[in-house]
Each structure stands twice: as C-alpha cells, then as structure tokens.
Amino acid sequence: MTITVSAETLAILKTIATSTLTTLLFKRGFRNVFLQGARPLKTGQRMAGPAFTLRYIPAREDLDGIDAFLDPRHPQRVAVEEIPPGAVLVMDCRGDVSVASAGSILATRMQVRGVAGIVTDGGLRDASGIAKLEIPAWCSGPSAPTNLIRHHALDINAPIGCGDVPVYPGDIMVGDDDGVVCIPAHLAEEIARDAVPMERYEDFVLEQVRGGASIIGLYPLTKPENRALFEAWLATTVPMAG
C-alpha cells in the first residue's frame, strides 16, 4: 500500500536536522536509517521527499557496452524521465564509488522536471557541475568513469539497499550537511510532529550551555527547575528559522 505524506509534513521535515530524526527513529526502535557514505556535494542544502529507487547490479561485458544507452528503455534513462516531481532518486550502487551512477546532464534533466534530490551510495561524475545546480545531491564521492563499466541498471522503484540502509519506494528521504536519513513512510507524520518541539528544546539547551550551564539535569531534562526555565523560555522566544 502506498502511503502519501502531506506537503506540510515534508516542509517540516526539510527543516529538521538528520541528527534529530535519527534520534526520534531510534526511540521507536529503528537503528539503521542513516545512509553510510552519502555526503552532500554542496553544503547548506536541504531535501525532503519520497524515494524513487533505481538498483544497479554488477555489469556484464556482453550487456553493458557503450551502446547500451541506445536503448530508449535503459532503466537509468527511464528512471530520470519517470521519477515524479518532488521525489528523490535513490540509487543502489552497492557502495561502489569506482564509477559514476549519474552525471550533470541527467541531474540537470531531473532539476528541470522538479525532482527534489539525488542520493547514491556510489559516485557522481561532473560533480562540480552538479554542485552548481539547485537540485541537491548526496554521493560517496566524485567519480569520472561511466556507470556501464561497473553497473547494470536493473530495477526501477523496487526495494533497494543504499548505504547499507533498506529503502522502500515512498520512504521519506531527508538530507542535510550531515547526510541522508530514510524515514519509513508510515512514521513520517508522527516524526515531523515530535521533531519540532525536540529541536526547540535543543535550541534552549544550546543557549543554556553557552551561558555556562551544566548538561546534568538539563540534557536530558530531569530537573524540575530546568523544566520551569524551559517553559519560561518558550513563552518569550521566537522559534529559530529551520
């Protein structure tokens, strides 16, 4: 069953730190949600959107010559043309960064189509060009060789593993400078609901710590006097911009 996550929820999640989200998911028993190896090509960008997946298996010489791209139904090309606006292309490259999983032309096409972001546990070619685009991208590093050398594009919008994390189509991918977290779609609404007050409290804690306060009884909040301080702070402080 496909779960539709509201635009309001996605807008909230886009402002929330992945560190906050991983903690909230851990409280619900989810330990493996942060994609290993996927780092932002450009810092300062945020992303939130449902996953649209592409799976690569190891290339085979008789199937993955340079003429493979002449096929208009090549899965990589089809994924770029069929991913819905607002979705995030998530590519399973088995953690292989020796070749690219996409480049600046495909990234530009997805930007024009309104795609929310690109995530891969492999490489991206033309990395400096992609970094200049508005579409945010996370990868394991720049890599010039074409994907055909090591990858055979196979499944579109099927469950994959990316950065050692299971990603199902429609799961919500949230990215920031730390990396990318995968939120199971059915938890997105409640995670967004709980994330806002959690980040407000952490803003308060940072302010207190900068002023010399001890973290004991403050983080986590166990002392009644700190709770009273927080409630007073909430009543007089404008929320920080996400």
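Predicted model: local features only at pLDDT ≥ 70, side-chain atom pairs only at ≥ 80, totals over all residues.
Reader: Where does H6 bend, and which proline follows?
Author: The bend is about 25° and falls at Ala195. Within four residues of Ala195 comes a proline, Pro197.

Reader: Which elements do the buried residues of H6 pack against?
Author: The buried residues of H6 include Ile191, Ala195, Met198, Tyr201 and Phe204. An α-helix has 3.6 residues a turn, so residues three or four places apart point the same way. The partners of the buried residues are strands E11 (172-175) and E12 (180-183), together with helices H1 (7-13), H2 (18-27) and H7 (224-236).

Reader: Why does Leu206 count as partly exposed?
Author: Leu206 lies in helix H6. Buried means under 20% relative accessible area and exposed means over 50%. Leu206 falls in between and therefore counts as partly exposed, with a relative accessibility of 44%.

Reader: What is the volume of the second largest pocket, and how do its lining residues divide into nonpolar, polar and charged?
Author: The second largest pocket has a volume of about 250 Å³. Of the 16 residues that line this pocket, those closest to its centre are Thr2, Ile3, Pro50, Ala51 and Gly170. Strand E2 (residues 47-58) gives the largest share of the lining, three residues. The lining divides into eleven nonpolar, five polar and no charged residues.

How values were computed. Residues numbered from 1 in each chain as written. Heavy atoms only, no water. Bend = angle between axes of the 7 residues up to and from the residue. Helix = DSSP H or I, 4+ residues; strand = E, 2+ residues; numbered from the N terminus. Buried < 20%, exposed > 50% of the residue type's maximum accessible area, 1.4 Å probe, protein only. Contact = heavy atoms within 4.5 Å. 1 Å grid on protein atoms, 1.4 Å probe; cavity = no way out; pocket = protein on both sides within 12 Å on 5 of 7 lines; lining within 4 Å. Points joined across faces, edges and corners; volume = space filled by probe spheres on them. Nonpolar A, V, L, I, M, F, W, Y, C, P; charged D, E, K, R; others polar.
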